[in-house]
Amino acid sequence: YNFVCINTGFGVKVMTSEFKKRPDLREIEKKWQDKWQEMGIYRFDPESGAEVFSIDVPPRYVSGVLHIGHAISYTHIDFCARYRRMRGYNVFNPLCFDVNGLPIEVNVEKMGISPHRVGRNEFNKKCSEFGQKNIESMKEQFKMLGHSFDDSIYYQTNSPEYRRITQLTFLQMLDDGYIYRGKHPVNYCPRCRTALADAEIEYREIPTELCYQKFYICDEGQKKFEHLEKDEKGYYLGIATTRPELLSACRLVAVHPDDERYKEIIGNYVYTPVYNERVKIVGDELVDKDFGTGALMVCTFGDKTDVEHVYRYNLDFKKAINELGKMTEIAGKYSGMTIEKARKKIIEDMENSGLIYKKEKINHRVGVCWRCHTSIELLITKQWFIKIIPFKEKIVESQAKIKWFPEYMRTRLLHWIESLSWDWCISRQRYFATPIPVWICKVCDGVVPAKKEQCYVDPLNDNPPVERCPECNGELEPCTDVFDTWVDSSISPLYNTFWSRDDKLFSKLYPMSLRPQSHDIIRTWAFYTILRCSFITGTPPFENIAISGFILGPDNRPMHTSWGNVVDPKEIIEKFGTEALRYFAATCGLGVDTAFNIETTKHGVDFCIKLWNICRFISGHLLNFTPDVEYMEYSPMDKWIISSLKLTVDRVTEAYESYNFNSVLSILEDFIWHKLADHYLEIVKHRLYNGPDDSKSKKSAKKVLYVVVSSVLKMLAPLLPHITEELFNKIFKEKEKIESIHLSGWPKIDFFDEESLNQGEKGIALLSNLRKWKTENKIAMGKEIEKLKIKLPEKEISKEVIEEIRKTIRIKNLVIETGNEFKIIN
């Protein structure tokens, strides 16, 4: 491949070249991935005076390897980082991993390793080993994807230093009054044996039975009960429920005060089925008149409505279900049974006793654990909480200072904040996470926090700051709870910006420039981060937040390993190349769920080859070209392509600034494929191949080609870094004296002329019509036409443009007559 023969229609030209006819994309990608690491061009420089662009990269969770959905999200982050470097920013783009919490524990338990069998320390060791093994695989995947993370600012959330910062933020918020310990109803997963926050609950429609039970009236001698149903045992109030196993914890019956069926019986009492407990009937507006019979049994606890009723009416708490998901002693004969078994058995017994008079099959919306998908229960336990309810308005005000891309995603956060009715439970009864740095007094239940200088501290292994309780001199015991993993994740902006470690860097880096994340964790990561960082610093944690969508699998559901609908990015890369996958990523819009499309990925290969062929063509013409040469003789179509380029640079820059990468790709592809390749390269050939090399016309053509193609490559470089680096290296590197296209700066085009743009577009339309005429008349494009007469509207196209088109289409004598519209006469 040392020479290229080009039949241009102006004769065959032979030029020296380093270009193969077709690029080996995988070879190019592997080469540059290794070289970039050697060059270290992605390093953040803490001493630099350049403006910082800091990215709060989502620490990749290490419970499993990347699938296409992850790959696309992290590729979008890479687009941001590469673009900002080329704009001259000092980019902070850390390589980071989330190595904490329940998902890792669940995976280790699936390996047959139980914390209850091997002990807490050994279990944590196995969790750490599991996470570390996946980290190495993910690092290799990030490299294959061409990602430009900076491993000099590496972190993982299970490191002692990261956990130290988590503990320090807890201690500050505790001092500031944002955190408290209390005994309240919490979401609880019996399988994972831990409390969960609202945001960790998923909801599923589960087929179940709605059972209509008989609650017999205590005093049936009064006439007011005659409109109720009656059997041989007396008048009864029908109540429908999906949870008859909670009857032993029934504390109240409620009806709507405006329900005409029940107005007269409010204030009376009924007996609960099976247990014959006497409970009061109250009128309450929370009751849904249209569900079941319009009467509601209030238990401790079936759902959050029960919780609200318990607090409103100051009811006693009865615990029917324990932390293992089994019935307690108050359930009587059902004690020790699992919830499902107890439900089945009590329904059977009530049917046999005539206490159920109807059953309906329904789909019931049930909250389940986000990891193991066990139905959650509401249990009263002593937990740690961050106050949310009193500070909702403060959180809303903080998020209002952040720019959202796309803007409509802000609504999801606002709806979530509005819906919250409980504070954030941050304690977990698990193991592999950051320990809560406190000790508890065995006598008075007082709390003794760690000193800040002690952190990182593990109360199970380290001594408390004082020997005895300061309040009662009682013995202290370590808190065995750990933090919810979102407590760690939500301080990533503080860790990244060196909060509590380096005041100078903190003031330089905080708030961070960008939080990129997917829309499914707006209510967790985005919300918790804004809440925590705003409480601690008084300022929102980032200036911009960009929300990505899901990548859908073959079943049109979001890719999820547990669903078996994932696509391995490694397989796609090995078959089509990294640039092909990155091309697909660039077609995915912000906030929009996109089905993975293999055809789009294949088109990415075609686009790379198109770029290669364009550069292969121009390379020979620019062998001895000096880029600092002045424009010598602009042709009309030179002015057109440069003006078009100016508009393209402006539009692409605006799209990058708003993280609309699909717009970036669309704009560039249109310019490259249609304006540059289809038209300008054909128009400029007659100048490149004719006349002396030192002619003004030829030098101007080369200058324009140099500016246009180098600018296009630079604008594409954040999206397709490998092919653009290779082409830049072959043609432009020595001329620009720059090590990498990714350090070359952003294109700046000063020339723009509106009239030239309009004339050029008309010239292109004329050229297209003449090409069409040649094709229809089976005339080869390279064949010269002796004479052709056409009609054009008067003064629509300038003589200079017509002359350039004449030379391009190879017509010796082009005769123009005035007409109302374009027409070829002969």
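**Ground rules.** I worked from a predicted model, in which local features need pLDDT of at least 70 and side-chain atom pairs count only at pLDDT 80 or more, while totals for chains, interfaces and linings use all residues. Residues are numbered from 1 along each chain as its sequence is written, and side-chain values use heavy atoms, with hydrogens and water left out.

**Helix α3.** I took helices and strands as DSSP runs numbered from the N terminus (H or I, at least four residues, for helices; E, at least two, for strands). In α3, residues 102-110, I found L102, P103, I104, E105, V106 and V108 buried, where buried means under 20% relative accessible area, exposed over 50% and partly exposed in between (1.4 Å probe, protein chains only). Their cover includes β4 (60-61), β6 (94-98), α5 (120-144) and β17 (356-369). Just after the helix, I noted that G112 has a positive phi of about 85°.

**The sheet β31-β30-β32.** I then looked up an open sheet of 3 strands in that order, with mixed pairing; two strands pair if DSSP finds at least two bridges between them. β31 (811-818) and β32 (823-824) are the edge strands, each with a single partner, so one side of each has no neighbour in the sheet. Between β30 (residues 785-792) and β32 the pairing is antiparallel, over 2 bridges, and K791 stands opposite K823 of β32. Helix α24 (residues 799-809) packs on this sheet and touches β30 and β31, its direction making about 140° with that of β31. Helix α23 (residues 754-776) lies across β30, β31 and β32 and runs at about 125° to β30. Contact here is heavy atoms within 4.5 Å, and the angles, from 0 to 180 degrees, lie between N-to-C directions of lines fitted to C-alpha atoms, for helices over the stretch in contact.

**Salt bridges.** I count 53 in the structure, each a side-chain nitrogen of Lys or Arg within 4 Å of a carboxyl oxygen of Asp or Glu. D78 and R82 meet at 2.7 Å, N to O; they are 4 residues apart in helix α2 (residues 68-86), about one helical turn. D78 is buried at 1% relative accessibility, and R82 is buried with a relative accessible area of 1%.

E277 and K318 have their closest N and O atoms 3.6 Å apart. E277 is in the loop between β14 (269-271) and β15 (278-283) and K318 in the loop between α7 (304-312) and α8 (339-352), so this pair ties together parts 41 residues apart in sequence. E277 is partly exposed at 33%, and K318 is partly exposed at 22%.

Lastly, I noted a network of salt bridges linking E105, E109, R191 and R430.
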